[in-house]
Amino acid sequence: MAGKRPTMQLRTLAGVKRPPPAATGYTPRCGSIKGRRVQAETAAATSQHRAEEKVTVAVDSDLLQCCVCSGPLTPPLFQCTKGHISCSACCTDCTDYDVDEFECLMCREPETATRCRAMERLLAGLSVACPFREHGCAEMIPYADKQAHKASCAHAPRYCPIAGCAGYAGQSSLSDHVLQDHAVQRTRVRHGSLTPLRMSRLEPARVLWLDCGGEFLLTVGDDVPSGRSLSMLGFMDTLDDEFKYKIEVVGKAGVLSLSGQVEGVERLSKPYQASAFLYVPNAIWDSSPEDIPVFIELK
Ligand SMILES: [Zn+2]
Ligand SMILES: [Zn+2]
Ligand SMILES: [Zn+2]
Ligand SMILES: [Zn+2]
């Protein structure tokens, strides 16, 4: 069974005919100056009303996507003789928009695509609901501003890598959120030397403060079986360089170790997925209620 295509609620300026205004009881004499003035005023009011009138419609969202890249259609737009509509980014050869003929990248036939001004006019009149409506944003946004609004919306959901945190909304950085909303311990780390963290068994995260500048977050993930994971990220707004990290955990059976490049994070618009993590079995976490032998090096 074919799946339902996603639809988008949007408003557009309407050119639909309205019913005539209700009779007022006054019928101007044909040809009188007053009668002509009333007719002209009525016509002006109707055309103004038409310009302001909006209708709400539902459209399949793929009708507002570029045929080539499936991205949002942003002017200038181009249409080929077969009906493919593509965005300006997919017409990179079209540097001169005054020339109205371009190659359609779907058909690959030269000079079959022309500027699609009708679709440009339609899109210019569209407003769409903010994609974060379910997170509390009630704004209707001009279609062309959708991406810019999405990037700056105060209701945009942000994710946090600390286990159990529901995240936050808006444009604050992850570092501001962690320092304001979490009672996380901070540890000073000397550049290039292995530092013991003396973590406790239930500690969810530790902020590391590098003596030469830069703050980092060591996160303890609880989503791996029979153990927990350790992963490292850097708070992008505190970093002015690239850093390498090493995590070491000393167990009875040997040393577990992970090293790599620190990934800088400004804020997370998707749930956190560490690009690499160190798996630490429960046997090590349970070896002592305090002072789990975790060591960190940053350089
Ligand atoms: Zn495109
Ligand atoms: Zn085409
Ligand atoms: Zn919004
Ligand atoms: Zn959080």
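Guide: Start at Lys-246, whose bridge partner in strand 20 is Glu-297. Now look at Ile-247: its bridge partner in strand 20 is Ile-296. Strands here are DSSP runs of E, at least two residues long, and helices are runs of H or I, at least four residues long, numbered from the N terminus.

This is a predicted model: local features need pLDDT of at least 70, side-chain atom pairs count only at pLDDT 80 or more, and totals for chains, interfaces and linings use all residues. Residues are numbered from 1 along each chain as its sequence is written, while chains are lettered from A and ligands numbered from 1 in the order in which they are written.

Back to the strands. Strand 16 and strand 20 are antiparallel partners, with 5 bridges. Two strands pair if DSSP finds at least two bridges between them. On to strand 17: strand 16 pairs with it too, antiparallel, over 8 bridges. One bridge there links Val-250 to Val-255 of strand 17. A hairpin of 2 residues connects strand 16 to strand 17.

What does Ile-247 touch beyond its neighbours within four places in sequence? It is in contact with Leu-230, Met-232, Ser-257, Leu-258, Leu-278, Val-294 and Ile-296. Contact means C-beta atoms, placed from the backbone, within 7 Å.

Ile-247 also belongs to the largest nonpolar core, which has 28 residues. Along with Phe-216, Leu-218, Val-294 and Ile-296, it touches the most other members. Among the elements giving two or more residues to this core are helix 4 (174-181), strand 14 (215-221), strand 16 (244-251) and strand 20 (294-298). A separate second core has 16 residues, including Cys-87 and Val-128. A nonpolar core is a set of buried Ala, Val, Leu, Ile, Met, Phe, Trp, Tyr and Cys residues joined through C-beta atoms within 7 Å. Buried means 20 or more other C-beta atoms within 10 Å of a residue's own, with C-beta atoms placed from the backbone.

Last, the whole protein. It has 5 helices and 20 strands. Of its 299 residues, 21% are buried. The average pLDDT, the predictor's confidence in each residue from 0 to 100, is 82.

Definitions and conventions: Buried ≥ 20, exposed ≤ 12 C-beta atoms within 10 Å, placed from the backbone. Contact = placed C-beta atoms within 7 Å.
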